[in-house]
Amino acid sequence: MQSIKEVSRFILVGVFNTVAGYFIIFSSMYFLRLTAEWANVIGYVVTVGGSYLLHRRYTFRSQNPKRREFVVFILIFLFAYAINLVSLSVLVHETDTNPYVAQVLAGAVYVSVSYSLNKLMVFRPRGNG
């Protein structure tokens, strides 16, 4: 049962981060005329800190030491983001997918990788010994 609640909290935090991120990404593409890739970089960089704090406190309710946890979170973010950016670039440039649709599809890849690795490596409960 805890797992269902946790996944629900992850989705709620994800929806909040996604709305904020896509607002930044789509605004950067439309108003600033940035490429899909540069807009994506800006959107993710701006929202990563808030994502960590919300997942730490709300989603996973972590009591782990913050410094190590944050470093591993950032490393996982960079890994998941690299997969996201490659996916985005392939979708936009190799398959001619609409850049706005490609952002959403690449975002789904990011969420899958990010949740799995954060659950396994960052926010797992630590033993006492």
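Accessible area is computed by the Shrake-Rupley method with a 1.4 Å probe.

**Entry 1: surface.** I noted that this is a predicted model. I looked up the accessible surface of the protein chain, which is about 7900 Å². Carbon and sulfur atoms account for 70% of that surface. I then looked up burial and found that 40% of the 129 residues count as buried.

**Entry 2: fold.** I read the secondary structure and recorded four helices and zero strands in the protein chain. Along the sequence the pattern is α-α-α-α. The radius of gyration is 15 Å, close to the 14 Å that the globule rule gives for 129 residues, so the chain is as compact as a globular protein of that length. I also recorded the span of the C-alpha trace along its principal axes, about 50 × 30 × 25 Å.

**Entry 3: contacts.** I considered the contacts between residues at least 6 apart in sequence. Of these, 68% join residues at least 24 apart.

**Entry 4: helix α4.** I turned to helix α4, which covers residues 99-122. At its start, a side-chain oxygen of Asn98 comes to within 2.7 Å of the backbone nitrogen of Tyr100. I listed the buried residues of α4, among them Ala102, Gln103, Ala106, Gly107, Tyr110, Val113 and Ser114. Tyr115, Asn118 and Val122 are buried as well. I set beside this list a general point: an α-helix has 3.6 residues a turn, so residues three or four places apart point the same way.

**Entry 5: charges.** I recorded 12 positive and 5 negative side chains in the protein chain. The centres of the two sets lie 21 Å apart.

Conventions
Residues numbered from 1 in each chain as written. Predicted model: local features only at pLDDT ≥ 70, side-chain atom pairs only at ≥ 80, totals over all residues. Heavy atoms only, no water. Buried < 20%, exposed > 50% of the residue type's maximum accessible area, 1.4 Å probe, protein only. Helix = DSSP H or I, 4+ residues; strand = E, 2+ residues; numbered from the N terminus. Polar contact = N/O pair within 3.5 Å; in protein donor to acceptor, adjacent residues only side chain to side chain. Rg over C-alpha atoms; globule rule 2.2 N^0.38 Å. Contact = heavy atoms within 4.5 Å. Lys, Arg positive; Asp, Glu negative; His and termini not counted. Charge placed at Lys NZ, Arg CZ, Asp CG, Glu CD.
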